[in-house]
Structures are given as C-alpha cells and as structure tokens.
Amino acid sequence: MPTPSLAALPIRRLTPRDLNACADLSEDRGWPREEHKWGFLLTAGKGYGIDDPAGGLVSACVVTEYGPRDRPDLAAIGMVLVAERHARQGIGRRLMQHVISAMSTTPLTLHATPYGRPLYEELGFKVTGRAEMVVGHFRPGAPEPSVTTRSANAEDLSAILRLDEEVFGADRTHIITRLPAFVDQLRVAEESSRIIGYAGAWPNMATQVVGPLVARDTATAQALIASLAAHTDRPLRTDIDVRHEELLTWAKAHSLASVGFNAVMTSGISELPGDWTRRFAPLTVAAG
C-alpha cells in the first residue's frame with residue numbers, strides 16, 4: 001500500500017500510554033528522554049500528536065491549561081517536536097495551527113528556542129519576555145540567606161494554592177496538587193508562621209530542576225534555592241526571568257552558569273497575568 005502523505009496523517013490526542021513514544025521522539029531530536037517530565041505533562045495537560053505509519057510519532061506537543069476547565073484563563077504550549085526524518089516539511093506548523101484552533105480564544109504562551117521562534121512569530125506570537133537557564137553545582141557562601149525555610153507538609157497545601165494563584169494569575173490547582181508526587185523536594189519559606197514563598201526540585205536526567213519558584217522577594221528566592229541545593233548532590237538547573245537580575249547575579253556567584261535563553265511569547269494577551277515580581281521560575285518551560 002502507498003505511504004500516506006504527511007498532510008493526510010490525522011492529529012490525535014495523546015495519553016500517558018504514549019509516554020515511551022514521546023520520549024523516543026525527544027531522543028530522536030537529540031534531547032534527553034525526560035520520561036519523568038513527559039509523564040507529568042501528559043497527565044496534567046493535553047497531548048497532541050501525529051502517528052508515523054512506520055512506527056512511533058511524527059510529531060508531538062503538550063498543552064497545559066490554567067483556570068476554569070470550561071473556559072481556561074491561559075494555556076501553555078510546550079514540548080513541540082518533529083521527528084528528524086520529517087523535519088522542515090511543515091509538520092510543526094500544521095500541529096501548532098491545530099492546537100491554536102483547538103484552544104479557540106484562550107490566551108496562549110510558550111517558551112521559544114531561537115530555532116523555533118520564527119515559526120511562532122509567523123503564527124502570531126509576540127515576544128513578551130525572556131528566561132535565562134542556569135546550571136551547576138550550587139556552592140554555598142556567606143552571607144547565608146536569613147529567611148526561614150522548611151519542608152512542605154500536607155497542611156501547607158491550601159496556603160500554597162492561595163499564594164500560587166495570586167502570583168501566577170490563574171488557578172493551577174491541578175498542577176500544584178500533583179507536585180508532592182512529582183518533585184523530590186517541596187519547600188516553603190515562612191515569616192511569622194505565614195508562607196511567603198515555595199519551591200520544588202524535581203529530577204531531570206543528571207540534574208535537579210528548581211521550579212516552580214514563587215517568592216515574596218529576591219532574598220526569599222535565594223533562601224529557597226539554597227535550601228533545595230543543601231538537600232541534593234545533583235547539579236541544579238532552573239530558568240529565571242531575566243528581569244530578576246539580582247537573583248541571576250547571585251546564582252552565578254554561587255557557581256550556576258548561564259547555558260542559554262528562551263523567548264517568552266504570548267498570543268491573545270500582551271503580557272502574562274499575575275505578579276512577575278514574585279514569579280521567579282516556572283515548574284518547567286514546557287508548562288509556562
């Protein structure tokens with residue numbers, strides 16, 4: 001039988017059963033397999049993909065929605081991948097157009113690599129910010145952060161949810177309630193028994209990714225990062241909003257090195273909702 005053209009291959013919803021195929025696609029493009037992250041995103045969000053008649057996936061992406069289920073306030077697009085053998089044939093554009101259409105009037109955001117940015121600009125996305133990725137073995141140094149931190153517990157969940165919605169600008173209950181099972185560490189910062197920040201650290205290949213990172217101010221963010229670093233032997237990796245210059249300078253002074261930038265892009269809104277001054281790093285750039 002003749003092989004169907006790529007344009008005729010249907011786009012379907014992915015499920016957690018597609019985790020291995022998604023990880024294979026990542027590996028095909030030279031990315032880490034990231035099964036842990038794929039599993040989280042396919043469970044918490046909506047995956048879209050195109051099956052390859054020869055086996056595996058031609059393309060895939062994940063959309064994570066925030067706010068009311070029937071009318072989301074925001075949706076983040078991430079993990080947009082096309083198999084190497086099918087690259088530069090318009091597949092990524094077709095998948096993105098399908099997702100944009102499916103999301104209708106919901107405002108959209110994504111983190112774009114320099115490679116992907118031209119396509120997203122053609123599809124109407126605008127650059128509204130930048131994030132800098134830093135990686136390295138955190139080296140403690142004086143003065144130590146003075147903000148009190150501790151491991152989060154079940155009783156902290158309601159306070160974390162309230163703080164997160166206030167800072168993020170949309171309800172992320174379906175994400176935050178999954179954090180205890182996803183992260184290796186979940187820590188909170190306190191002042192007078194009130195939670196003023198929280199952060200997670202989760203395994204991603206050889207590193208611990210710090211995210212989400214929500215904090216009252218830079219000193220609180222520093223204390224959370226330092227406390228997470230003190231409880232792991234792995235290098236840390238995180239993506240910090242470049243407007244947080246003081247935190248980036250501090251991180252680099254503690255041996256985290258810059259390894260790249262992503263453009264934060266939006267469609268349907270001129271800037272992300274919430275309070276960027278307290279939003280230091282995302283859970284993952286794939287989820288906005």
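**Note on the predicted model**

1. Trp38 has contacts with Leu19, Cys22, Ala23, Ser26, Arg33, Ala60, Val62, Met79 and Leu81, when its neighbours within four places in sequence are left aside. The model is predicted, and every point in this note should be read with that in mind.

2. Trp38 belongs to the largest nonpolar core, which has 38 residues. Together with Tyr66 and Tyr198, Trp38 touches the most other members of that core. Helix H2, covering residues 35-44, supplies the largest share of the core, namely 5 residues. Another core lies apart from this one and holds 26 residues, including Val134, Ala201, Ala226 and Trp250. As background, nonpolar side chains tend to be buried together in soluble globular proteins.

3. On overall architecture, the protein contains 9 helices and 13 strands. Its radius of gyration is 19 Å, close to the 19 Å given by the globule rule for 288 residues, so the protein is as compact as a globular protein of that length. Along the principal axes, the C-alpha atoms fill a box of roughly 70 × 35 × 35 Å. Buried residues account for 52% of the 288 residues.

4. On contacts and surface: of the contacts between residues at least 6 apart in sequence, 71% join residues at least 24 apart. The accessible surface is about 13200 Å², and 51% of this belongs to carbon and sulfur atoms.

5. The peptide bond between Gly211 and Pro212 deserves a check, as it is modelled as cis, with omega at about -5 degrees. Most peptide bonds are trans. Pro212 is in strand S10, residues 207-215, and Gly211 is found in strand S10 too. Is Gly211 buried or exposed? Gly211 counts as buried because its relative accessibility is 0%, where the cut-off for buried is under 20%. Beyond residues up to four places away in sequence, Gly211 touches Gly200, Ala201, Trp202, Pro282 and Leu283. Ala201 is also one of the residues of the 26-residue core.

6. Most residues other than glycine have a negative phi. Met205 has a positive phi, near 55 degrees, and lies in the loop between strand S9 (194-204) and S10. Its relative accessible area is 48%, so Met205 is partly exposed. For Ser255, phi is positive at about 80 degrees. Ser255 sits in the loop between helix H9 (245-253) and strand S12 (257-267). Ser255 is likewise partly exposed, with a relative accessible area of 32%.

7. Which residues does Ile50 touch, not counting residues up to four places away in sequence? They are Leu9, Pro10, Ile11, Leu57, Val58, Ser59, Ile91 and Arg94. Ile50 is part of strand S2, residues 46-51, and is buried, with a relative accessible area of 1%. Pro10, one of the residues in contact with Ile50, is 40 residues away along the chain, yet the two C-alpha atoms are separated by 6.2 Å.

Note on methods:
Residues are numbered from 1 along each chain as its sequence is written. Side-chain values use heavy atoms; hydrogens and water are left out. Helices (H or I, at least four residues) and strands (E, at least two) are DSSP runs, numbered from the N terminus. The radius of gyration is taken over C-alpha atoms; the globule rule is 2.2 Å times the number of residues to the power 0.38. Buried means under 20% relative accessible area, exposed over 50%, partly exposed in between (1.4 Å probe, protein chains only). Contact means heavy atoms within 4.5 Å. Accessible areas come from the Shrake-Rupley method with a 1.4 Å probe; for residues, only the protein chains shown count as cover. A nonpolar core is a set of buried Ala, Val, Leu, Ile, Met, Phe, Trp, Tyr and Cys residues joined through side-chain atoms within 4.5 Å.
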